[in-house]
Amino acid sequence: MTLGYISKRLFHLALIMFGVSVVVFLMLRMIPGDPAQLLLGEFASPEELERLREQLGLNQSLFTQFWIYISNIVQGDLGHSVRTNAPVTGEIWVRLIATLELSLAAMCIATVFGIAAGVLSAVKQYSLWDYGAMFMALVGVSMPIFWLGLMLIYLFAVKYPVLPMMGRISLGLEVPDVTGLMVVDAVVAGNWQSLVSALKHLILPAFTLATIPMAIVARITRSAMLEVLNMDYVRTARAKGMTELVVILRHALRNAFLPVVTVLGLNLGLLLGGAVLTETIFSWPGLGRYVVDSLSGRDYAAVQGCILVFALLMAAINLAVDLIYVLLDPRIRVNE
Amino acid sequence: MSKLDMFTDLRKSTSALTGLVLICLIVLLALFGPWIAPADPLLPSPLIRLQGPSAQHLFGTDSLGRDMLSRVIFGARISLMIGIISVTISLIPGTILGLLSGYFGKRIDSIIMRCMDMLLAFPAILLAIFITAILEPSLTNTMVAVGIVYIPHYARIVRSSVLSLKGMLFVQAISHLGGGHLRILLKHILPNCLPPIIVYATLGMGTAVLQAAALGFLGLGAQPPSPEWGAMLSEGRQYIQLAPHVAAFPGAAILILVLGFNLFGDGLRDVLDPSLRSQ
């Protein structure tokens with residue numbers, strides 16, 4: 001992989017982000033009605049409306065508005081939220097960390113359980129384990145996660161109240177804000193009570209969010225393992241007298257890992273989308289819930305900022321997956 | 001593969017058959033809903049609010065005392081309609097764009113594919129939420145939003161098929177014999193692109209139903225009192241502690257329909273595209 005390829009991909013990413021900014025800008029201007037009227041309500045006086053239009057730059061030409069908008073974005077200024085009057089960049093940052101914590105936890109669950117189910121299925125092909133795991137994977141892919149979340153809340157927070165149903169930590173408990181990740185901050189502070197509470201709050205939303213990626217990982221792992229298990233070197237490893245566990249874990253799984261890594265990376269994008277629903281169900285104060293709240297509050301600066309951040313994350317993840325893939329598999333040569 | 005071979009293979013596929021049975025079940029509910037449903041799905045009965053499942057009301061009643069079973073049955077019609085219309089909205093422009101992009105290549109390909117990349121840069125549900133919010137929340141706009149979101153997927157699939165077909169001898173022969181672009185595209189390339197399109201459209205029906213239900217759940221889809229499954233779930237969320245059945249049944253119905261499309265799509269893929277056959 002050369003520097004030329006990376007810079008070409010980065011240029012491509014910048015081009016897509018510019019396009020996304022244009023699309024978001026134009027779409028927000030397509031919303032019917034006067035934004036000033038929408039923000040101030042129907043009883044606002046003409047003077048107040050005019051003042052707000054001036055303040056938001058709505059009296060200027062579309063091109064000038066776009067120029068101001070792009071210049072601000074480049075400088076990291078995503079505007080001010082009309083609901084809180086705080087800078088959108090700061091608001092997004094705090095929530096992004098919460099979403100990151102949830103997504104990472106979901107990713108860990110999806111990876112561990114997905115790979116375990118996939119390996120088990122492949123090793124015991126056409127057994128009850130195989131059929132059971134693959135049926136569960138198919139159910140997982142078809143699962144409306146907003147329904148699963150509600151059912152988990154009912155089961156584990158209402159009927160058998162062992163886990164909390166919303167938020168990131170119990171009321172009254174606090175952790176010093178070091179990284180923004182509650183679990184990490186609780187460990188850093190050595191506050192075990194907060195750690196247990198943060199972990200308990202994480203379980204239900206993380207499992208809900210992990211369902212679909214877990215099912216996809218299980219299916220991909222199974223098919224990758226089946227391919228590898230028939231290879232000559234696996235037969236050789238067995239012939240050398242290695243235990244089945246060593247053959248599976250050290251020889252087969254390591255080589256079956258490549259497609260799994262790709263799927264894991266691409267699933268990060270899926271998790272971002274899933275976060276919108278999961279955070280709404282579990283009142284998780286992340287970016288997904290923020291965008292839904294901002295839309296219902298007609299806070300367009302916040303919506304615009306969130307969408308740009310989501311798009312940037314998706315593009316960055318796709319780029320990272322491509323680069324990691326090339327690094328992991330020397331057989332792949334980049335077509336420049 | 002002849003049509004007969006295809007149907008024989010499909011009949012042998014357990015997953016395709018199971019999927020087909022589940023889909024047929026929901027289609028029958030949708031078609032004969034008015035005769036099967038025990039009550040009017042929109043008729044409130046305040047005296048029997050939030051009652052659990054019983055002999056009179058098999059799925060219980062909702063917060064306005066409406067019969068949940070009848071609402072779930074009538075919801076089947078809406079969900080199937082969403083699936084069909086959304087997939088059509090993405091399929092037609094997606095196929096046209098993919099054909100043009102793959103066949104003409106060069107600048108046309110570049111422009112179309114960069115636009116598609118831009119749409120793919122958003123998480124699907126977020127783009128759908130955004131479009132619905134702009135168009136105003138309603139059932140029609142939900143279908144439009146979900147349809148637009150998946151256009152790039154069809155465009156990419158069709159484009160890659162066209163790219164491989166374009167270089168084939170039969171296409172080049174027709175071109176040398178004087179066949180026009182339109183004739184080559186519609187009569188020779190498009191029919192050969194159909195298998196992957198059919199597979200993706202079947203799987204896409206499930207995805208469309210899920211996305212539309214998610215929008216309904218967020219309050220951006222069908223509006224009350226419409227018995228749309230996602231919107232019913234959203235209502236059930238408020239009563240999850242008191243009456244979990246209000247959320248349980250519509251959610252289970254969504255799962256069954258999506259599972260049906262996924263099973264059938266998987267089976268179809270195995271039959272129509274053996275290169276992708278799962279082991």
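How many helices and strands are there in chain B?

1. The structure is a predicted model. Chain B has 11 helices and zero strands, and its pattern along the sequence reads α-α-α-α-α-α-α-α-α-α-α.

2. The C-alpha atoms of chain B occupy a box of roughly 75 × 45 × 30 Å along the principal axes. Chain B comprises 279 residues, of which 50% count as buried. Of the contacts in chain B with a separation of 6 or more, 70% are made by residues 24 or more positions apart.

3. Chain A contains 13 helices and zero strands. Along the principal axes, the C-alpha atoms of chain A fill a box of roughly 85 × 55 × 40 Å.

4. In chain A, which has 336 residues, buried residues make up 40%. Where contacts in chain A join residues at least 6 apart in sequence, 69% of them link residues at least 24 apart.

5. Between the two chains, 36 residues of chain B are in contact with 36 residues of chain A. On the side of chain B that touches chain A, at least two residues each come from helix 4 (106-120), helix 5 (124-135), helix 9 (181-217), helix 10 (229-238) and helix 11 (245-272) of chain B. Helix 11 of chain B gives the most to this side, with nine residues.

6. As to composition, the side of chain B that touches chain A consists of 26 nonpolar, seven polar and three charged residues.

Note on methods
Residues are numbered from 1 along each chain as its sequence is written. Chains are lettered from A and ligands numbered from 1 in the order in which they are written. This is a predicted model: local features need pLDDT of at least 70, side-chain atom pairs count only at pLDDT 80 or more; totals for chains, interfaces and linings use all residues. Helices (H or I, at least four residues) and strands (E, at least two) are DSSP runs, numbered from the N terminus. A residue is buried if 20 or more other C-beta atoms lie within 10 Å of its own, exposed if 12 or fewer, and partly exposed in between; C-beta atoms are placed from the backbone. Two residues are in contact if their C-beta atoms, placed from the backbone, lie within 7 Å. Ala, Val, Leu, Ile, Met, Phe, Trp, Tyr, Cys and Pro count as nonpolar, Asp, Glu, Lys and Arg as charged, and the others, Gly among them, as polar.
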